[in-house]
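Here is a friendly walk through one protein model, with a report on its contacts and packing. Please have the sequence and the 3D view at hand as you read.

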Amino acid sequence: MATSPCSSSGVSSSSSSGLGADAGLEIRTRSVEQTLVPLVSQITTLINHKDKPKRSDKTLQAIQRVGQAVNLAVGRFVTVGEAIANENHELKEEMSVACIEARRAGETIAKLTDVTSLDHPESDSHITIFTDKTGVVKAARLLLSSVTKVLVLADRIVIKQIITSRNKVLATMEQLEKVSSFQEFVQIFSQFGNEMVEFAHLTGDRQNDLKDEKKKARMAASRAVLEKCTMMLLTASKTCLRHPDCESARVNKDGVFHRMRLALEQVIEIVTDSRPNGDSEVAPISIYSGIKEFKNKVEGLRENLYFLSKENLSTMLEVILEHTEDFTDSAYTSHEHREHILELSKQAKMELEQLVSVWMQAQNQKTKDVMEDLEVAILKTCQCMNELKREVHGAATSLAADLLKYHTDHMVLKALKITGVEGNLEAVAEYTCKLSEQKEQLVEMCRLLRHVSGTEPLEITCIHAEDTFQVTGPQIISAAETLALHPSSKIAKENLEVFCEAWESQLSDMSLLLREINDVFEGRRGEKRVYLSLPRPGKHNANLKALKPVKLDTEEQAKIAKLGLELHLLTSDVDSETEKWEDQENEIVQHGQGMSSMAYSMYLFTRGEGLLKTTQDLFHQAEIFATEGTKLASALHTFSHQVHDDDKPLLLVEAEKLISMCRQLQITAKASVQGKSATFTKVDACILKTRNVMTLLCQLLPLCCRLLKKNKAGNGCLKPAPPWREDKIRTGTNAHAPERRAETFGIKSLENHVTNMTFLESK
């Protein structure tokens, strides 16, 4: 991972000017990286102007204006940084040093750009950007380094908040494990619910902010475990309290607590980028990634015959073929697929032998005939590997499709519930054996799918699914045994229901995952996945039992299908528009992509698919969608300050429309309803209003893209940003608003004081 803030596409031009941040500062989040983009853009403009021969009065004025803007922005930025330092004594010394350096560098840049009063800057004794060309580069480098350090230190505070929240959750979990009365349990679980909500929101924000897609996927998997386990912990603990002498109930409860602790630990590993014993994580290599790397090496021989040894290529192929044994040794691989994989493995060895022979010959004599033979050998080797990839993909996905179809009726789970209520221990034992067999089949399916998933995030999703089946299977068995021993126990019955629902939910998710894997293989973009956070405080009671999941029935799905399809088409249109933007890190693009992703998950809900399982999930997603739309409107207002006066009214009118529509959607999503008919009416209204917002978004994105290009093509500068809003700093330092302060002090507040800086386009 790059350690310079100039690593993103938006700031890459600065590297040519010798700019860079402290090599020891690693930027892991998008918020830090994006906060630096406008600052780097400004400084790059100054660096690019220092060597230009033509210096008109307009250019000199523009340079001075940018220098002053940089200095003022840094001053306000530093004020927020110092306030953060005062609130967090353990970082005060480091933060203070970084703030002093940033302020000094900003003042230096302001002095060096004070050139408008000079008719002939070169001949004057006053030192300027034109006479001291290395000085401005040094000041710029110091400024970037110190600002980056302030941002990274502020980011540490966010990490500290997550760790503190985790510690509170762990402490309350320990209390829950030891309680012996229902009254005490209810009291502590209420506190636990609130703490889990806080942890979910902190980690959700962090997940969205992470740059590394692999870490994002791991975070999503851990949060999904915590979300599902919260309900499991409730029913498993209540069952144990009701039947304190029941061994299977204790085993069931212990399993939930253990899994939650592992998930909490993994979240902290991701957030702090460390592992308990200091060991680095070694992910198993999949067949897909192995073939991809092998082909890259083989095709690299066209450019360089000496960059690797034949032993390296042979070893790489051996590793790939060893992994194919997961398929050929599997009892669930069809005879036809097994034979084809073995044949292609043998052919791959032969093709590599031929390639190595021609390759060695080419190193000695680069005649036309030999080089043509080498090209043929490269093509044949890559073709063979492609066929092997296609064969293992077919083997894994056909097995998955068959298993998911076979287990879609959940007959074993239904039988366990019935025999458990009957108290039939013998029948329960029989069906637990069948569930164990089913678990082994599904675990094997996940292992094979991981090999052909195509992307690291999907690989992690496969590993998470495998773990879920491995753990949930035995938990269902212990819950069923408890019910069979206490057939009249309502809480034991409810507990079994919860674990069975988790199993069914994972099977449903596998259907979506299989489709994503097929999309990647066929070159289409994978389905969008939106993680559902835990219920927000104030909307849902901490007693999770009160949340009765409501799903649309077949008739309701049919009624809403047309609306859902329209929403699907709009997400495709929005995706097409966002792909046209050169800068994919642009705030408008990112909000648009986020809204499209959420709208797609709502479309899947209308089909009874995806991660939104209940109407409550849908309403919660609609609220988040509306919030994202409001953020987009705010970004549009900021953007309007940079466009020409003629274009501003239209942009502001559209932004106001968006705010109004999002407000209406939030009101609808939050409205309380009772009864099936009223709930369906609310679902219909939420989907309809989401569709209307997406329709507006389809108009807004091309408009903004056009205005951005128009401004870049113009002869003048983009309009300067409005004056700084000092109230943001005052709000942040208000000691009577700790919640507001926690929200303001951190990356977001620092970001506000950099992103409003003006952009000077290089002419």
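## Glu-375 and its salt bridge

Glu-375 is partly exposed, with a relative accessible area of 30%; buried here means under 20% relative accessible area, exposed over 50%, and partly exposed in between, with a 1.4 Å probe and protein chains only. Its partner in a salt bridge is Arg-302, and the closest N and O atoms of the two are 2.8 Å apart. A salt bridge is a side-chain nitrogen of Lys or Arg within 4 Å of a carboxyl oxygen of Asp or Glu. The pair links distant parts of the chain, 73 residues apart: Arg-302 sits in the loop between helix 8 (287-299) and helix 9 (310-328), and Glu-375 in helix 11. Arg-302 also counts as partly exposed, at 37% relative accessibility.

This is a predicted model, in which local features need pLDDT of at least 70, side-chain atom pairs count only at pLDDT 80 or more, and totals for chains, interfaces and linings use all residues. Residues are numbered from 1 along each chain as its sequence is written, and side-chain values use heavy atoms, with hydrogens and water left out.

## Other salt bridges

The whole structure holds 22 salt bridges. In one of them, the side chains of Glu-90 and Lys-160 meet at 2.8 Å, N to O. Those residues are 70 apart and connect distant parts of the chain, with Glu-90 in the loop between helix 2 (57-87) and helix 3 (92-112) and Lys-160 in helix 4 (residues 133-178). Glu-90 is partly exposed at a relative accessible area of 47%, and Lys-160 is partly exposed at 39%.

Another salt bridge joins Lys-580 to Glu-577, with 3.3 Å between the closest N and O atoms. Glu-577 is buried, at a relative accessible area of 16%. Elsewhere, salt bridges that share partners tie Glu-247, Arg-250 and Asp-254 into one network.

## The chain as a whole

What is the protein chain built from, in helices and strands? The count is 23 helices and 0 strands; helices (H or I, at least four residues) and strands (E, at least two) are DSSP runs, numbered from the N terminus. Of the 763 residues in the protein chain, 52% are buried.

Contact means heavy atoms within 4.5 Å. Among contacts between residues at least 6 apart in sequence, 78% join residues at least 24 apart.

## Helix 7 with helix 14

Helix 7 (residues 247-272) packs on helix 14 (residues 456-485) at an angle of about 155 degrees, and their axes are 8 Å apart. Helix 7 is therefore roughly antiparallel to helix 14. Axes are lines fitted to C-alpha atoms, for helices over the stretch in contact, with angles running from 0 to 180 degrees between N-to-C directions. Angles under 35 degrees count as roughly parallel, over 145 as roughly antiparallel, 65 to 115 as roughly perpendicular and the rest as oblique.

The crossing of helix 7 and helix 14 is left-handed; left-handed means that the near helix is turned anticlockwise from the far one by less than a right angle, and right-handed clockwise. Helix 7 brings residues including Ser-248, Asn-252 and Arg-259 to the contact, and helix 14 brings residues including His-464, Val-471 and Leu-485. The contact of helix 7 with helix 14 divides into 5 nonpolar, 9 polar and 3 charged residues. Ala, Val, Leu, Ile, Met, Phe, Trp, Tyr, Cys and Pro count as nonpolar, Asp, Glu, Lys and Arg as charged, and the others, Gly among them, as polar.

## Helix 11 with helix 15

Residues of helix 11 including Lys-389, His-393 and Leu-404 meet residues of helix 15 including Leu-507, Ile-517 and Phe-521. By class, this contact has 8 nonpolar, 4 polar and 2 charged residues.

## Val-589

Is Val-589 buried or exposed? Val-589, in helix 17 (residues 587-606), counts as buried at 0% relative accessibility. Leaving aside neighbours within four places in sequence, Val-589 is in contact with Thr-578, Trp-581, Asp-583 and Gln-584.
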